[in-house]
Protein chains: 2
Amino acid sequence: MTERFHRIPLGPGGEFDLIRRLLGPEEALSKGIVLGPGDDCTVLEGGMVVSTDMAVEGIHFREDWVTWAEAGFRVGAAALSDLAAMAAEPMGILLALALDPSKTPESAVRVQEGVSDACRREGIQIIGGDLVRSPGPTVLNVVALGRSDAPVSRAGTEVGDDLWVTGELGGSGAAVELWGRGESPPPELRERFVRPRPRIREAAWLAERIPLNGLIDLSDGLAGDAGHLAAAGGVALVLEEGSIPIHPGVKSGWDAPFDQLRLALEGGEDFELLLSVAARTLDVWVHSFQDSFGLCLTKVGRAVEGEGVYLEGLEGEMRPLEMSGFNHFPGEDEG
Amino acid sequence: MTERFHRIPLGPGGEFDLIRRLLGPEEALSKGIVLGPGDDCTVLEGGMVVSTDMAVEGIHFREDWVTWAEAGFRVGAAALSDLAAMAAEPMGILLALALDPSKTPESAVRVQEGVSDACRREGIQIIGGDLVRSPGPTVLNVVALGRSDAPVSRAGTEVGDDLWVTGELGGSGAAVELWGRGESPPPELRERFVRPRPRIREAAWLAERIPLNGLIDLSDGLAGDAGHLAAAGGVALVLEEGSIPIHPGVKSGWDAPFDQLRLALEGGEDFELLLSVAARTLDVWVHSFQDSFGLCLTKVGRAVEGEGVYLEGLEGEMRPLEMSGFNHFPGEDEG
């Protein structure tokens with residue numbers, strides 16, 4: 001990447017309005033920084049990429065839903081997914097942990113084991129950290145460090161590009177919805193929540209074969225992350241309703257097509273990849289991808305002139321997608 | 001640094017016992033990692049150094065003691081101090097913030113301004129981050145990114161080395177002690193707590209002039225951090241009671257020499273530097289250092305065979321120093 005990127009625009013939503021306020025007016029990037037706030041990772045000269053992800057007990061995980069080790073695994077995997085979203089190779093993780101001493105030391109050890117497990121699966125390890133006391137909920141912060149000779153930002157989508165997504169969507173959000181109703185999710189949905197697999201090898205494989213214009217991981221949900229991709233690229237994105245790959249556990253558990261689509265569009269934390277490539281450049285690689293990874297790769301839409309994200313219905317009707325994904329900070333108009 | 005460091009041993013203390021448990025058995029470092037857990041920063045191939053620091057409301061800062069901007073400034077400065085402790089040049093900071101939406105967005109904006117202010121003072125900026133909701137206390141995590149062609153670890157102290165410390169000690173701990181009693185610290189002590197200055201330029205200046213064998217910043221207190229330096233170097237350290245530079249605000253506020261010494265040894269978060277150098281190599285540079293920075297530089301002891309930290313009294317009597325510094329996780333024997 002020879003271009004010097006500045007700030008990447010974020011999509012709509014109360015959380016992102018606050019982030020925009022926090023960022024303040026854009027400044028020139030300081031020495032050694034290639035890509036600043038707004039993308040999945042910051043990029044430093046030399047190809048180092050780094051991201052920071054925080055998870056809070058009661059918000060991102062709950063002791064009555066998951067074990068401490070699963071909570072650790074999830075946060076580790078989520079952080080590594082930010083590296084996948086840059087098509088970067090992972091180097092290591094820093095884990096900072098704030099916890100209530102009444103749960104110490106066993107919960108700390110279990111959380112660390114979970115993060116370690118997520119690291120080991122990608123051939124890396126925990127290479128630093130911090131441990132402090134919390135008078136309240138357990139808080140984890142995971143920093144993912146990686147590198148790439150050609151990190152892929154969110155910002156390069158061009159009008160006419162095809163949009164593709166890996167895997168099947170909505171499984172993780174479906175598990176959360178069931179827990180929220182007091183039900184236990186079936187194993188295939190629970191697994192999507194507790195053992196997400198960051199698509200690191202998949203992103204590298206794709207980036208080796210064709211130019212990826214824009215790349216983002218699905219943490220806020222397809223609609224929300226498509227909003228970020230659209231804003232970053234200065235384009236509008238059209239998602240084709242009939243093409244969106246819905247997780248089989250969602251299809252079998254929710255009868256109404258509306259609910260299935262809602263979970264696939266708005267369910268967060270699937271940690272699949274959404275990418276934009278020049279039209280018809282990826283089609284020839286689909287079978288080879290699916291054979292290599294046992295994971296589907298689906299063309300879900302296209303980039304057009306304009307802004308925002310649109311859902312194209314089965315009859316060709318277009319409607320703007322309301323912003324979605326899990327909004328930590330509703331705007332004032334949303335209460 | 002051509003040597004490939006492995007894990008750096010930590011000093012005694014319940015918090016560090018737990019960290020040792022968390023780290024588990026030592027593994028070979030994965031590809032691209034030069035120095036793993038246990039030092040102030042992790043070091044990557046190519047000279048990138050990185051550290052992660054978490055701070056929790058009610059533990060590391062309190063709204064009735066400091067403003068939100070001051071809390072942010074402190075955490076930013078503390079993270080940058082980890083770069084000073086490697087004699088590294090700062091590149092940027094990632095800020096992750098978990099906060100209660102009822103305080104949003106003003107406290108978030110203030111915290112961010114404080115961290116930004118600490119960055120600007122060192123010529124860098126916030127280059128990434130995360131923002132999430134907390135149902136409990138505000139939690140900040142700051143990742144400091146820097147680089148050095150020759151990062152200085154904690155591990156190189158040799159028997160016979162002189163020990164030196166920058167600045168005057170105990171001021172920050174004295175402010176906390178006064179707040180703890182319900183008193184307001186005088187401005188010169190409050191300033192030491194709320195506006196610590198990471199010794200980045202000082203560390204670089206020293207490293208340019210003489211070989212630094214061991215280097216650490218004082219976050220846990222002189223006694224505790226000397227314990228880490230001793231453990232990392234495989235030596236014992238002797239601190240000379242009469243040489244320890246006590247902050248003038250401590251001298252004027254505490255009559256008993258015992259209390260003054262206690263604050264200088266055990267008060268945390270002075271963010272000065274403790275360094276070990278070959279005997280008599282630094283003496284000739286002291287005046288030039290003090291002229292350059294307006295900061296004192298004091299020989300406080302020496303490295304000898306053995307382990308642990310000893311205080312040498314005014315009559316030459318030696319006694320082992322109990323471990324100290326702020327212990328987040330007392331061991332079982334300490335309750």
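Colleague: Which residue is the bridge partner of B:Asp162 in β10(B)?
Modeller: In β10(B), B:Asp162 is partnered by B:Val277. Keep in mind that this is a predicted model, where local features need pLDDT of at least 70, side-chain atom pairs count only at pLDDT 80 or more, and totals for chains, interfaces and linings use all residues. Residues are numbered from 1 along each chain as its sequence is written, chains are lettered from A and ligands numbered from 1 in the order written, and side-chain values use heavy atoms, without hydrogens and water.

Colleague: In what sense do β7 and β10 of chain B pair?
Modeller: Strand β7 (residues 162–166) and strand β10 (residues 273–277) of chain B pair in the antiparallel sense over 4 bridges. Pairing requires at least two DSSP bridges; strands are DSSP runs of E with at least two residues, and helices are runs of H or I with at least four, numbered from the N terminus.

Colleague: What is the strand order in the open sheet?
Modeller: The 7 strands of chain B run β8-β10-β7-β11-β9-β12-β13, with mixed pairing. β8 (214–217) and β13 (318–320) of chain B are at the edges with a single partner strand each, so one side of each has no neighbour in the sheet.

Colleague: Switching to helices: which residues of α6(B) and α10(B) make the contact?
Modeller: B:Arg201, B:Glu202, B:Trp205 and B:Leu206 of α6(B) meet B:Ser288, B:Phe289, B:Ser292 and B:Phe293 of α10(B). Contact means heavy atoms within 4.5 Å.
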